[in-house]
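Please find below a note on the model under review. The remarks are arranged as numbered points and should be read alongside the sequence and coordinates.

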Amino acid sequence: MIGRATRRRRLTPYYFAAPAVIYLFGMWIYPLIYSVNLSLHQTEIYQLMTGGSFVGLGNFGELFQYNRFWNSLRVTGILTGVCVGTEFLLGLGLAILLNTAIVARRVFRAIAIIPLMLTPVVLGTDFKIMFNYLYGVVNWALTTVGLQPVQWLSNSFWAMVSVMITEIWNQSSFVALILLAGLQSIPTELYESAFVDGANNFRIFWSIRLPLILPMIFVAVFWRTIAVFRIFDVPYIVTSGGPVFSTEALSLLVNDIGYQAGQMGLAAALSLIMIVAMIAFALIYNRFFRFENE
Amino acid sequence: MLGLIVLIIAFPVFWLVRTAILPGSDLALLPPVLRFTPDLHALRIVFVHDQFLQHFFNSLIVAVSATTIGLCVGFSAAYGLSRFRYHGKALLSVLILCLYVTPPIAMILPLYVIFQHVGLAGNVGSLVLAHSIFTVPLSTWMMRGFIARLPVEMEEAATIDGCNRVQGIIRIALPLLRPGIVATMVLAFIYSWNDFIYAVILTSGSDTTLPVMIAGYITNKATYWGRIAAAGTLVIAPPFIFGFLVQRHLAEGLSAGAVKS
Amino acid sequence: MKASPFAIGLSVLLTVASFSAFASGKQEAPSSGSAPRHIVLAVFTGPEYSNMEITKNVFEKQTGISITIDQIGRSAYEAKFTTELMSGSHAWDVLYLQGESFQAMAKAGTLHSLQDVISKKVQSELIPAAFQKGYYDGKLYALVANWHTNYYYYRKDLLANDGLTPATDWREFLTNAQKLTGPGPNGQQMYGDVYRAGTANNSIHFNFSNYFLAFGAKWLNSKFQPVMNSPQGIAALQYYVDLKNKYHVVPPDVAAVGYSELNQYFQSGRVGQVIQWSAAYPVLMTKAQSPQTYDKTGETLVPGHHLNGTYVRGSLATNDMWIIPKASQRVAGADAFIRWMASAAGAKEWAINGDDPINSLVYKDPEVLKARPDYAIAGTADQYAGTFPALPEGPQLLSIWTDNLARAVEGQITAKQAMDTIAAKWAVILKKDGYYN
């Protein structure tokens, strides 16, 4: 016989999660069902209301044979790996710098947030102007020091670099902010005693600070990975999928298939593949990098 | 070292401001013109003619609302996920994540239809709810990390002292979590502030947010670089101030974060 | 425990609050009166919007109906109008719809019929080839709002310096381009031409198709069979590819060059010739927007091609349309708008403020001619203009067209391979949809 008090205690955690569950069902389930349904039909854009013919897993099969699908997987993979890795390193460095007592610390912290504040269109346009081959300031700087101008936006390799530079410049502060919050909530006593014991800065960092902010690092890396996997605005504005799809990330392909070429069923199928991939990643990630100290 | 970082951060912004006040025809000139008579035409159009302030306040209302909802719901969910063990916990956390990973492109049409049925279509409220789709998971997963670091003993000690659980949370845990909460708040705010795809589909006319207004400067027949840059420059200012005011709390978190274990 | 009710209460409160706080819906109740007073019109941001801002005042003065304009940015334009039309939203009464999507939207049943809205008298004033574009399945669903085509813009001074004349065919165009390419007065590289080679929003199509049509090629024959891989079609693409990869007379970054960059490169003096839309006329030929080059720029028809002993001309035209969404609740007002826009009165305003209506009377109106000096050649240019096949499958066909063209320019496939692939893929789609067997 479970007493009333025990039962209430068992149910308490659910009450804490109740708001989230309400939103979940309200906002997400119907669009998901709609997308799944759409992905099982061959639906052209003019058939959205009447519905297309049922093709089962045909859309998925078509995707797996589509070279642009594999291309965008490759592009997205490279973008995610390089951007997240670089943002982590730069973010960590920035967080450490901001954490130390320096002159005008406050102002500097505010400056570090500025890149995050630019809306994607502004960000993309700004970098697009800077990277232009004929009149961009970057090429002008290169030629002034005697180097050759680079086709930042029209060469498959450099277009990727341009997109990555834009995204990294924009989001490193995101990582820095999280890590900084982590560093700042480390109680000072923990390393004060280490100082007294004669440890140098590097040891303190490695043995004390780093392990303590590990959860934050996991969160930041996780979040950025998901975000870059879904990236749309930056490549869309800066290179629009690059010279012949060399910067076409998955989200751009979804948009192109769906709203440009009008193949709504195919686009829905691709979206589902993306969702499944991200969830799989989340599950695997959670298995290896626990968020709680359990 | 510091100077280099400031330069890297500041240069694209400097270029942005320059583009905002550059006479349009000078944009493509090489070498880049540094001496020119500033042309405030673009700024004037953005501010006066295109009702910059209107869209700015729309963005602000939406971002503040979405952040608040995200924080409240997210904090409760994160607390529940962090502090308790119960069945379905893994499933719940994954489901919460699913909210975020769905590509907006796939969601906009069905979401719009839902909002139409509810009578919210075209309303700023629909945008707030749509943004909650990412602020809630963002807050949840962000706060989980911070809450997990906080030893449970703290709140349990408070319970012994006579508070109930909620009071324990409010009096002990929240102040300690302040840096985390502030960080989450800033990030959720930025997400909502910068969102484009939901804003453009779910709102129209004078209800739209800043990103939509700015994206409108890329047209079929022309790209109004100057106006984009002008709007971008005007946009940076308030979040800059917001971040400036807020990071004081980040600093205070340092002293408040002292935990006597 | 007091925590649980608190948590429930909080969550309920939040949910209720968020829904009730935004209870005031945006969509107004439909007007019950019979006299139309107000409509909502959705249009692209940009020059069309600026035009409408002025034109709507004249409309209101002449008909008493006021217009609220809703701007749609280019970036999410397709997503936006698709969502609005497909969901049966009655937020808009008139929509400026891009021509490429008209057939698809009509087939989906999202458009209101315009049959009997425009009087026979006015219909006789409209350019027939353009007016026909508004028909789907035998009924009228749209009024062509803009009938744009391309011109050949060139630097009079640069050509004169080298003893050249504006090209009348593509061989001359290439010779001119080669002579113009080289180091310029301030040491920067100058180019004889610049074009678009990107795939974003089908960018390459809107430039290359001029060359394509002007070479005498076409997309479909009268039986709806794809014929873009005819000798002249392949020759056109080969020519385009060679301009970049063989003769290097265009900047190497053409894959990243869009409509705007085309203008920028030309108006900053780096390029000597360009095939560009008529809408660029006020940009390239006015002092306000091109102070460095406006007085040195000339414009004429797109070069033609000597084909089998004859001389052919061509250029790409687009036709964006005014449509009335089927779910509109102010059809009377929307009809009045269409009627006015088709007539000389509305067309005149639309023309004076920068766009190209299809009412031919407008092209003879002295006031209009004074405001639009580019109309001097518009009438002639329009004769040779052709459009991309108008079919519901249009967007998909266009996507295939664009993708393979871009690959050819990038050098990944040959011109012949590109055209053959396009023809083959189009054949699959057209056959499947029953256009031919």
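1. Conventions. This is a predicted model, in which local features need pLDDT of at least 70 and side-chain atom pairs count only at pLDDT 80 or more, whereas totals for chains, interfaces and linings use all residues. Residues are numbered from 1 along each chain as its sequence is written, chains are lettered from A and ligands numbered from 1 in the order in which they are written, and side-chain values use heavy atoms, with hydrogens and water left out.

2. Extent of the interface between chain A and chain C. Contact (heavy atoms within 4.5 Å) involves 35 residues of chain A and 44 residues of chain C. The buried area, meaning the accessible area (1.4 Å probe) that two parts lose on being put together, summed over both, is about 3600 Å² here, and carbon and sulfur atoms give 60% of that figure.

3. Polar pairing across the interface. A polar contact is a pair of N or O atoms within 3.5 Å; within protein, one must be able to donate a hydrogen and the other to accept it, and residues adjacent in sequence count only if both atoms are side-chain atoms.

4. The surroundings of R68(A). Which residue of chain C meets R68(A) in a salt bridge? The partner is D403(C), at 2.6 Å from N to O. A salt bridge here is a side-chain nitrogen of Lys or Arg within 4 Å of a carboxyl oxygen of Asp or Glu, and the count between chain A and chain C is two. R68(A) lies in helix α3 of chain A and counts as buried because its relative accessible area is 3%; the classes are buried under 20%, exposed over 50% and partly exposed in between (1.4 Å probe, protein chains only). Its side chain also makes a polar contact with that of D256(A), at 2.7 Å. Beyond neighbours within four places in sequence, R68(A) is in contact with F245(A), E248(A), L253(A), D256(A), D403(C) and R407(C).

5. Further salt bridges. Over all chains, the count comes to 16 salt bridges. In chain A, the side chains of E87(A) and R224(A) pair at 2.5 Å, N to O. This pair links distant parts of the chain, E87(A) being in helix α3 and R224(A) in helix α10 (residues 214-229), 137 residues apart. E87(A) and R224(A) are both buried. In chain C, D374(C) and R372(C) form a salt bridge with closest N and O atoms 3.2 Å apart, and both residues are buried. Salt bridges with shared partners join R68(A), E248(A), D256(A) and D403(C) into one network.

6. Chain B. This chain has 12 helices and zero strands. Of its 261 residues, 65% count as buried. Among contacts in chain B between residues at least 6 apart in sequence, 72% join residues at least 24 apart. The accessible surface of chain B, from the Shrake-Rupley method with a 1.4 Å probe, comes to about 9200 Å², with 69% belonging to carbon and sulfur atoms.

7. Backbone values worth checking in chain C. Most residues other than glycine have a negative phi. N201(C), in the loop between β9 (189-190) and α9 (205-214), has a positive phi near 50°, and N201(C) is partly exposed because its relative accessible area is 23%. H248(C), in the loop between α10 (231-245) and α11 (259-267), has a positive phi near 55°; at 49% relative accessibility, H248(C) is partly exposed.

Key: Helices (H or I, at least four residues) and strands (E, at least two) are DSSP runs, numbered from the N terminus.
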